[in-house]
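Let's take a walk through a protein model, one piece at a time. Have a look at the picture, then read on.

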Amino acid sequence: MKLGIRARAGVILATTGFMIALLPSQASALGDNRIVYRSCGSNYVASGFNGTNYWAQTDRVSGTCAGRFSLNFEMSDGRWMARTYYNRYSAYRTISPTFGNVAYGLHWGCDNCNVTKT
Amino acid sequence: MQWAAFVGFVLTAVGSCSASVDAEQAQAWALGDGIVTQEEYHTAVDRFIACMRDAGFESTKPIVSPIDGATLLYDVIPGGDPAAWNETIDRCNTHHVSRIEPAYVESQDHVMVAPLRQAVAGCVTSKGFKLAGEERNATDFVAAAGGQARPVMECVVEMARELFPELPSDVKVLYETR
């Protein structure tokens, strides 16, 4: 089956578009922002890229959960930065792309809680 | 099989608990009397940086955050194998600063330096929030913005980076939600 120039151009465009859609965008892994519920309370967890800096945020929303929460970044090569801990404060942390792209914001509701990725 | 899974669960739980205990014991020199001084906090950060350096990772010189006047801000320069890096940064953090930093920073009266305070006030106002004019720190600005932290944080970080170009890549801001 021979395709005309227009048809071939259409196939190339469609294929390119499909491949671009499959590529992970800088922000695609970030931004799964939500409230995380535990039996003792809830936290708001969020992250993103504002065009200049990556950021991650954890807020206590409600409840009486004991223990500290903590916040970190996972870079696109799997590297974690230093995890920072907070006893009673909410936290916002930001990092410029100097050392690479951030893949996820990492959030813990207590020291040994499972990590929530945003 | 179920028994093996149970043993695995117990070992994991014990391992997690021992990490917390290790951190507390390792940092007891500063935490023991219930008060962490500025000198102790700065020593803890120096030890963390030395721990990373001993493993081959360099850091920038810590500076006191102009945002709260308490937190030390610095970058550890990533390098080498990510798995080795992750093990090292977790170990150094757990042994030197993970408990001392929040104990010190959260016990302090946070005050934003005056030029930054003015710049943040202008930025927050330009986003449509009304200020009382007495805001001293990130917590006050978030309260003035009706608890909306993100637009305030964007102002804080943008203005801080503009006024203090020496700020490291990694910047932490604490605030209380009232």
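Leaving aside neighbours within four places in sequence, which residues is B:Glu106 in contact with? They are A:Asn87, A:Arg88 and A:Tyr89, where contact means that the C-beta atoms of two residues, placed from the backbone, lie within 7 Å.

Before we go further, a word on how to read this. The model is predicted, so local features need pLDDT of at least 70 and side-chain atom pairs count only at pLDDT 80 or more, while totals for chains, interfaces and linings use all residues. Residues are numbered from 1 along each chain as its sequence is written, and chains are lettered from A and ligands numbered from 1 in the order in which they are written.

Back to B:Glu106, then. You'll find B:Glu106 in the loop between helix H5 (100–105) and helix H6 (114–126) of chain B. Is B:Glu106 buried, exposed or something in between? B:Glu106 counts as partly exposed because 18 other C-beta atoms lie within 10 Å. The rule is that a residue is buried if 20 or more other C-beta atoms lie within 10 Å of its own, exposed if 12 or fewer, and partly exposed in between, with C-beta atoms placed from the backbone. Along the chain, B:Glu106 and B:Ala70 are 36 residues apart, and their C-alpha atoms are separated by 8.7 Å.

Now for the two chains themselves. Chain A has one helix and eight strands, and its elements run α-β-β-β-β-β-β-β-β from the N terminus on. Chain B has eight helices and three strands. Helices (H or I, at least four residues) and strands (E, at least two) are DSSP runs, numbered from the N terminus. Of the 118 residues in chain A, 36% are buried; for the 178 residues in chain B, the figure is 35%. Take the contacts between residues at least 6 apart in sequence: in chain A, 50% of them join residues at least 24 apart, and in chain B, 66% do.

Let's look at some strands of chain A. Strand E1 (residues 34–38) of chain A lies largely in the open, because the number of buried residues among its five is zero. E1(A) pairs with strand E2 (residues 41–49) of chain A in the antiparallel sense over five bridges; for two strands to pair, DSSP has to find at least two bridges between them. A hairpin links E1(A) to E2(A) through two residues, and A:Tyr37 has A:Ser42 in E2(A) as its bridge partner.

Chain A also has an open sheet of four strands, in the order E5-E4-E7-E8, with antiparallel pairing. Its edge strands are strand E5 (84–86) and strand E8 (116–117) of chain A, each pairing on one side only. Strand E7 (residues 102–108) of chain A runs antiparallel to E8(A), and two bridges join them. In E8(A), A:Lys117 is the bridge partner of A:Leu106.

So how do the chains meet? 26 residues of chain B are in contact with 30 residues of chain A. On the side of chain B that touches chain A, the largest share, six residues, comes from strand E3 (170–175) of chain B. That side has 13 nonpolar, seven polar and six charged residues (Ala, Val, Leu, Ile, Met, Phe, Trp, Tyr, Cys and Pro count as nonpolar, Asp, Glu, Lys and Arg as charged, and the others, Gly among them, as polar).

E3(B) pairs with strand E6 (residues 90–95) of chain A in the antiparallel sense over six bridges. In E3(B), B:Leu174 stands opposite A:Ala91, and B:Lys172 stands opposite A:Arg93. In a regular strand, side chains alternate between the two faces of the sheet. From E3(B), B:Asp170, B:Lys172 and B:Leu174 point one way and B:Val171, B:Val173 and B:Tyr175 the other way, and all are buried.

Finally, the largest nonpolar core has 58 residues. A nonpolar core is a set of buried Ala, Val, Leu, Ile, Met, Phe, Trp, Tyr and Cys residues joined through C-beta atoms within 7 Å. Those touching the most other members include A:Phe73, A:Val102, B:Val152 and B:Val173. Helix H8 (residues 149–163) of chain B supplies the largest share of this core, eight residues. As for B:Val152, and not counting residues up to four places away in sequence, the residues touched are B:Val124, B:Ala138, B:Phe141, B:Val142 and B:Ala145.
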